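Student: I have a structure open and would like to talk it through with you. Could we take the sheets, a helix pair and the ligands in turn?

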Amino acid sequence: MTTQTGGRPQSLDAVIVGAGFAGLYQLHLLRDRLGLKARVLETGDGVGGTWYWNRYPGARCDSESHSYRYFFSRELHESWDYSERYPGQEEIRAYLNHVADTLALRPDIQLSTRVTAAAWDEAARRWTVTTEAGERFSCRWLITAVGCLSSANVPAIPGLEDFRGEWHHTGRWPHEGVDFAGKRVGQVGTGSTGIQAVPVIAETAQTLTVFQRTANYSVPARNGPLNEQRKQEWRDNFEEVRKLVRSTPNAHPFRISTDKAMDQDAETRRARYEKAWEVGGLRFRAVFHDLLLSKAANDTAAEFLKGKIREIVKDPETAAVLSDIDHPYAAKRPPIDTNYFDTFNKDHVDVVDVRADPIRRIVPEGIELESGKVHELDVIVFATGFDAMTGPLLSIDFQGADGRRLKDDWAAGPKTWVGVAIPGYPNLFTVTGPGSPSVLANMIVPIEQHVEWIADCIETMEREGVDRIEATPAAAEAWMSHVNDAANATLLPQAGHSWYLGANVPGKPRVFMPYAGGMVRFRQICDAVAARGYEGFAMGAPADPAAPPPPVLAELTGPDAPPLPGAPAGAKTSLIEAPGV
Ligand code: FAD
Ligand code: NAP
């Protein structure tokens, strides 16, 4: 593959940044359906995105395997079986490599290539994309498929550089693995990642000390191998499963109950929670309709889950630290686990409450707390999450129309029109950008929806000879205001330390970034935007700063909004019950 480091940039129709689920499908559509000369640029030296980077012990999906796959092709669907209810990292990475091979995508994917800058040339109506190595590409269409959770957040704890042992962030895990045998391991972080890693690290570490700042809920995943009958059922019912995931608000393959927690008596409620605990996984969240809408309802689930921690963890002091949870259930992304709480019954595993006694610094021997206590360690694992949603976008120096900079435009928080377009940045599309349902959903469904919507838009522009399309400022203002309202209608903003709000990264503006209005409503809005000739966009000329907000938004989200399409008729009950494992 030839690339250019000096002189004229290499000319392409489209550049796609990122080779995860989003980038691979975007390349397929632009190249194979639209016939564009497109190229994916990817930092990693392999495809897979999240599943290329996150190789930490215990890494696996919390979407059920029959829903965590592409739905755009029956042939692709039939060519791959996952082996477990929740596939592990290696299996998902293998699936994405299989997709890249089946669709012959590799010739148009350039690996080990980090995009550092992109500048809009108004006269040429093209983007110039620059890589870390100094290569330059010129393109009409620029699509970021950079992921919501791809920018690792290593906390700036003083002294890290002096640590005598080794340290790793879970999202940048060494490909050769880490040998914990005979080592004193410290893990910082108890989010979904940390909760998956603890039981597996504990299997071989000499000691494991978990530094917990915020205690967390977790529900057993009840993972296990899928039996042959289930695999066959997923193969045979491709169409039904596809319809199902497209009909639920969070794109998972199960319905949210229409019952309200507070309409049940205490005994019935408890029985429902017990059953959901046995079924396991994210289905627990769907047991009542109002768990994320009413604090009183949520409290009943929270008390049930805290009670489970106290039942499982034998030492009362440890149980008290692990169950001292300060936010509503599912207001942060709810983890699911395999033996997380039970692992604290092992003699060599401890939890340290670093809210009570915060980490002061890292010293050559380990982690020192404010009290002066030093925990001596050989390995530190940072399960400390990501600079989510905006981090990967802002690590690229975007220079839009009139020389404006994205980092300035988003200094007070991100602004997009329906998560895919940014005023001032023509011909740039963001797959699952801020303002998309993205991380509040089973992500394959929003990814496919965005990628298809973007391809349709580019196809229309190319067909009609429109060389410039840009979201209007009013559309983005109105959308982010709606995103905020949708979050405020739920308990989600009540977890003040959540990464949904950017609160996990010091100095980041506190803005609720994903769209909580549900995937079905979101799809309806995006379809209407396109059907009305790309409302909220200016085509062929720069957006008018005085343009009014697009009426589509008020019409589809206001009091007279049409009802959402219901669940598909006749979906087989067996398809939406817990998968047999
Ligand atoms: P990614 O997979 O993040 O891919 C983005 C790619 O862009 C990366 O490879 C990155 O290297 C590349 N990139 C970024 N910036 C640049 C740049 N400047 N230049 C070049 N390349 C760049 N979602 C679910 O729905 N269900 C789950 O069960 C689930 N489990 C998860 C588990 C973990 C551990 C994590 C971290 C996330 C999980 N997610 C889950 C979210 C997951 O990120 C998405 O499901 C999905 O994989 C995202 O795909 P993507 O292509 O949008 O982004
Ligand atoms: P996360 O949810 O942001 O959790 C990070 C953890 O690190 C939190 O416990 C946080 O504490 C702690 N932390 C951060 N900085 C710290 C510091 N300076 N000192 C002490 N503690 C610190 O990150 P994550 O667990 O990697 O998960 C991110 C997202 O990825 C998930 O929410 C989910 O969407 C996805 N994911 C999914 C799965 C899955 O099961 N499929 C698995 C992993 C990840 P505070 O809470 O106090 O900030």
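Tutor: What follows is a conversation about strands, helices and ligand surroundings. Please keep in mind that this is a predicted model.

Student: Okay, sheets first. What is the strand order in the open sheet with parallel pairing?

Tutor: That open sheet has 5 strands, and reading across it the order is β4-β3-β2-β8-β20, with parallel pairing.

Student: And which strands stand at its edges?

Tutor: The edges are taken by β4, residues 109–110, and β20, residues 428–430; each has a single partner strand, so one side of each is left without a neighbour in the sheet.

Student: How many bridges join β3 to β4?

Tutor: Strand β3, which covers residues 38–41, runs parallel to β4 and is joined to it by 2 bridges. If you want a position to look at there, Leu41 stands opposite Gln110 in β4.

Student: Which helix packs on that sheet?

Tutor: Helix α1, residues 21–33, packs on the sheet and touches β2 (14–17), β3, β4 and β8 (141–144), while its direction makes about 165° with that of β2.

Student: Now the sheet with mixed pairing: what order do its strands have?

Tutor: That one is also described as an open sheet of 5 strands, and its order is β1-β7-β6-β5-β19. Its edge strands are β1 (10–11) and β19 (397–399), each of which pairs on one side only.

Student: In which sense do β5 and β19 pair, parallel or antiparallel?

Tutor: Strand β5, residues 115–121, pairs with β19 in the parallel sense over 3 bridges, and Ala117 stands opposite Asp397 in β19.

Student: What about β15 and β16, what do they form?

Tutor: They form a hairpin with 2 residues between the strands. Strand β15 (residues 359–363) and strand β16 (residues 366–369) pair in the antiparallel sense over 4 bridges, with Ile359 standing opposite Leu369 in β16.

Student: Switching to helices: at what angle do α14 and α16 cross?

Tutor: The axes of α14, residues 444–463, and α16, residues 519–531, cross at roughly 0° and come within 11 Å. Because of that angle, α14 counts as roughly parallel to α16.

Student: Which residues make the contact?

Tutor: From α14 the contact is made by Val445, Pro446, Gln449, His450 and Trp453, and from α16 by Met519, Phe522, Arg523, Cys526, Asp527, Val529 and Ala530. Sorted by class, the contact has 8 nonpolar, 2 polar and 2 charged residues.

Student: Ligands next. Which residues come nearest to ligand 1?

Tutor: Of the 34 residues around ligand 1, the nearest are Glu42, Thr50, Asp62, Tyr68 and Met443. For Met443, a polar backbone atom is 2.6 Å from an oxygen atom of ligand 1.

Student: Which atoms of Phe21 and Ser63 are involved with ligand 1?

Tutor: In Phe21, a backbone N or O atom lies 3.0 Å from an oxygen atom of ligand 1, whereas in Ser63 a polar side-chain atom lies 2.8 Å from a nitrogen atom of the ligand.

Student: And how many residues are around ligand 2?

Tutor: There are 22 residues around ligand 2, of which Asp62, Thr193, Arg213, Thr214 and Lys332 come nearest. A backbone N or O atom of Asp62 lies 2.9 Å from a nitrogen atom of ligand 2.

Student: Where does Trp499 come in, through its backbone or its side chain?

Tutor: Through its side chain, where an N or O atom is 3.0 Å from an oxygen atom of ligand 2. Thr190, by contrast, uses a polar backbone atom, 2.9 Å from an oxygen atom of ligand 2.

Notes
Residues are numbered from 1 along each chain as its sequence is written. Chains are lettered from A and ligands numbered from 1 in the order in which they are written. This is a predicted model: local features need pLDDT of at least 70, side-chain atom pairs count only at pLDDT 80 or more; totals for chains, interfaces and linings use all residues. Side-chain values use heavy atoms; hydrogens and water are left out. Axes are lines fitted to C-alpha atoms, for helices over the stretch in contact, and angles run from 0 to 180 degrees between N-to-C directions. Angles under 35 degrees count as roughly parallel, over 145 as roughly antiparallel, 65 to 115 as roughly perpendicular and the rest as oblique. Contact means heavy atoms within 4.5 Å. Ala, Val, Leu, Ile, Met, Phe, Trp, Tyr, Cys and Pro count as nonpolar, Asp, Glu, Lys and Arg as charged, and the others, Gly among them, as polar. Two strands pair if DSSP finds at least two bridges between them. A residue is near a molecule or strand if one of its heavy atoms lies within 4 Å of it. A polar contact is a pair of N or O atoms within 3.5 Å; within protein, one must be able to donate a hydrogen and the other to accept it, and residues adjacent in sequence count only if both atoms are side-chain atoms.
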